[in-house]
Amino acid sequence: KAKYLANGKRQTIFSMTTQQPCADHDRAEGEGVNPQEYTLIKLRVKEIPAEWKEQLGDGEVYLVAATLRPETMYGQTNCFVLPEGEYGFFRTKKGEIFVCSERSALNMYYQDLMEGDEKNG
């Protein structure tokens, strides 16, 4: 028999206000906006500060940055951090610890990459 219906995941825009996916014509503004594919660049922290170790325990710690053009990242040897930015530690489902913004971690949570839930991290 032919399989006419399938169950799975697909990319969509998600409204955090209404807590549901919203199609193109459901939005008051942003019509024509589609999901964008970012590539996550992980830069491992080689020397973890003592105060971080107390908070995090064991686990690989990474500074993460997102890019729309990963081809420009080959040979990346440094990372510039916004001094006034607010960053936190977020554990992935693989046990890695990412240093990133809360909004970035929330977006990764919705893509099933992070542990916890949207309210408690």
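Reader: Which lysine meets glutamate 96 in a salt bridge?

Author: A salt bridge needs a side-chain nitrogen of Lys or Arg within 4 Å of a carboxyl oxygen of Asp or Glu. In this predicted model, the side chain of glutamate 96 has such a partner at 2.8 Å, N to O. That partner is lysine 42.

Reader: How many residues apart in sequence are the parts that this pair ties together?

Author: Helices (H or I, at least four residues) and strands (E, at least two) are DSSP runs, numbered from the N terminus. Glutamate 96 sits in the loop between strand 5 and strand 6, and lysine 42 in strand 3. The pair therefore joins parts whose separation in sequence is 54 residues.

Reader: What pLDDT do local features need?

Author: Residues are numbered from 1 along each chain as its sequence is written, and side-chain values use heavy atoms, with hydrogens and water left out. In this predicted model, totals for chains, interfaces and linings use all residues, side-chain atom pairs count only at pLDDT 80 or more, and local features need pLDDT of at least 70.

Reader: Does glutamate 96 count as buried or exposed?

Author: Buried means under 20% relative accessible area, exposed over 50%, and partly exposed in between (1.4 Å probe, protein chains only). Lysine 42, at 38%, is partly exposed. Glutamate 96 has 16%, so it counts as buried.

Reader: How many salt bridges does a search of the whole structure find?

Author: Another pair is glutamate 71 with arginine 69, at 3.2 Å, N to O. Glutamate 71 is partly exposed, at 47%. The search of the whole structure gives a total of 4.

Reader: Where is lysine 93, the partner of aspartate 112?

Author: The side chains of aspartate 112 and lysine 93 meet in a salt bridge of 2.5 Å, N to O. The pair links distant parts of the chain, 19 residues apart. Aspartate 112 is in the segment after helix 2, while lysine 93 is in the loop between strand 5 and strand 6.

Reader: What is the phi of aspartate 112?

Author: Most residues other than glycine have a negative phi. Aspartate 112 is not a glycine, yet its phi is positive. The value is about 65 degrees.

Reader: In which loop does glutamine 19 lie?

Author: Glutamine 19 also has a positive phi, near 60 degrees. Glutamine 19 is partly exposed, at 37%. Its loop runs between strand 1 (14-15) and strand 2 (20-21).

Reader: In what order do the elements of the chain run?

Author: The chain has 2 helices and 6 strands. From the N terminus on, the order is β-β-β-α-β-β-β-α.

Reader: Which residues of helix 2 are buried?

Author: Helix 2 covers residues 102-110. Its buried residues are Ala105, Leu106 and Met108.

Reader: Within what arc do these buried residues fall?

Author: The arc is taken over the directions from the helix axis to the C-beta atoms. The buried residues line one face of helix 2, because seen down its axis they fall within 165 degrees.

Reader: Which residues form the largest nonpolar core?

Author: A nonpolar core is a set of buried Ala, Val, Leu, Ile, Met, Phe, Trp, Tyr and Cys residues joined through side-chain atoms within 4.5 Å. The largest has 8 residues. They are Tyr62, Val64, Phe90, Phe98, Cys100, Ala105, Met108 and Met114.

Reader: Which elements give two or more residues to this core?

Author: Ala105 and Met108, two of its members, are also buried residues of helix 2. The elements asked for are strand 4 (61-67), strand 6 and helix 2.

Reader: What is the radius of gyration of the chain?

Author: The radius is taken over C-alpha atoms, and the globule rule is 2.2 Å times the number of residues to the power 0.38. A compact globule of 121 residues would come near 14 Å. The C-alpha trace spans about 55 × 35 × 30 Å along its principal axes. The chain has a radius of gyration of 18 Å.
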